[in-house]
Amino acid sequence: MRKAVVPAAGLGTRFLPATKATPKEMLPVVDKPAIQYVVEEAAKAGLDDILMGTGRHKRAIEDHFDNAFELERALAAKGDTVRLDAVRDPARLADIHHIRQGDPHGLGHAVLCAKHHVGDQPFAVLLGDDLIDARETLLSRMLDVRDRFEGSVVALMEVDPAQVHLYGCAAVKHTGEDGVVRVTGLVEKPPPKDAPSNYAVIGRYVLDPEVFGVLERTAPGRGGEIQLTDALQELAAGGTVHGVVFDGLRYDTGDKADYLRTVVRLACERPDLGPEFTAWLKEFVTGLERNGAERNESRAA
């Protein structure tokens, strides 16, 4: 299995006006765009044939994963090998292809657009908003479960029941294997009272090509969009969907507050930035606490 699909046609409305002219997938997480972390994860798991589903005003994504001859020549002339390698790395990660989704009609539609590229092979889908820490092995575990059980595999994470309305939610049966469940049903963003569990589907899938036929006859669902969750619900009813329960480090860059937390956390862990940045961060937080205490004392007086 070598193929992966990275949907990247969304409008990024939660980050306007920054995403008016810049794809949300290209927003920097420290010094790399978010989508590069996703491609690195796929390549690390052995998926070296990657199709990106883009849309209008997303040319920056294509350029990022291409060679930049003028820039590379300028860096080489300066002898700046560190930055030269950093500029060349994105184009060397995998064999990357691009397709225009046109008018985006949901994740299911984005996956369906990959049908001719994927063919009759199983493939992974990685959502650019979900970053999985590079030290985790979630995708490799999912590929292993696909090899052993066939069918499709989704990544699941236990969330606070009050948060299930933000995710696709899975009904599951335990298999007897730690961290692996059989998915018996899926609901897209249910109200907490209707959720079958607190197992939320996060942005990693390993899909059997059978999903294309289901998506072709899947009517628009929640939000008037073709939902991948609805297609997987049909496959789950046939007993061919499993889940890998993930309890590791995940960063949600699709939310402003979580995006900022992601940048701070990854910056703190960088050996070239962490010591200096962490020291500054401690001073900054101490100052906030001190100023807050002084304001409280002033009000009390």
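Buried means under 20% relative accessible area, exposed means over 50%, and partly exposed lies in between (1.4 Å probe, protein chains only). Accessible areas come from the Shrake-Rupley method with a 1.4 Å probe, and for residues only the protein chains shown count as cover. This is a predicted model, in which local features need pLDDT of at least 70 and side-chain atom pairs count only at pLDDT 80 or more, while totals for chains, interfaces and linings use all residues. Residues are numbered from 1 along each chain as its sequence is written, and side-chain values use heavy atoms, with hydrogens and water left out.

Start with the charged pairs. A salt bridge here is a side-chain nitrogen of Lys or Arg within 4 Å of a carboxyl oxygen of Asp or Glu. By this rule the model has 24 salt bridges.

Look at Arg59 and Asp63. Their closest N and O atoms are 3.3 Å apart, and the two form a salt bridge. Both sit in helix α2 (residues 59-64), four residues apart, so about one helical turn separates them. Helices (H or I, at least four residues) and strands (E, at least two) are DSSP runs, numbered from the N terminus. Arg59 is exposed at 52% relative accessibility. Asp63 is partly exposed at 43%.

Next comes a bridge between two helices. The side chains of Arg88 and Glu72 meet at 3.4 Å, N to O, in a salt bridge. Arg88 belongs to helix α4 (residues 81-92) and Glu72 to helix α3 (residues 69-78), so this pair ties together parts that are 16 residues apart in sequence. Glu72 is buried, with a relative accessible area of 9%. Arg88 is partly exposed, at 30%.

Lys32 and Glu40 make another salt bridge, at 2.9 Å from N to O. Lys32 counts as partly exposed because its relative accessibility is 22%. Glu40 also counts as partly exposed, at 24%. Elsewhere, salt bridges link Asp133, Arg135, Arg265 and Glu269 in a network.

Rolling a probe the size of a water molecule over the atoms shows where empty space is left. A cavity is a set of points, on a 1 Å grid over the protein atoms alone, where a 1.4 Å probe fits but cannot get out; its lining residues have an atom within 4 Å of a point. Grid points are joined across faces, edges and corners, and a volume is the space filled by probe spheres set on the points. The model has three cavities of 30 Å³ or more.

The largest cavity holds about 70 Å³. Its lining includes Lys24, Glu25, Asp129 and Tyr259. By class, that lining has four nonpolar, two polar and three charged residues. Ala, Val, Leu, Ile, Met, Phe, Trp, Tyr, Cys and Pro count as nonpolar, Asp, Glu, Lys and Arg as charged, and the others, Gly among them, as polar.

The second largest cavity holds about 50 Å³. Among its lining residues are Val5, Leu51, Ile99 and Cys113. Strands β1 (3-7) and β4 (49-54) each give two or more residues to this lining. Seven of the lining residues are nonpolar, two are polar and none is charged.

Finish on the surface. Trp280, Phe284, Val285 and Leu288 form a nonpolar patch, with about 380 Å² of accessible area together. Patches are made of residues with over 30% relative accessible area and no salt bridge; like charges are joined within 9 Å, and nonpolar side chains (Val, Leu, Ile, Met, Phe, Trp, Tyr) within 5 Å. Trp280 lies in helix α11 (residues 274-300). Trp280 is partly exposed, with a relative accessible area of 43%.

Definitions and conventions. 1 Å grid on protein atoms, 1.4 Å probe; cavity = no way out; pocket = protein on both sides within 12 Å on 5 of 7 lines; lining within 4 Å.
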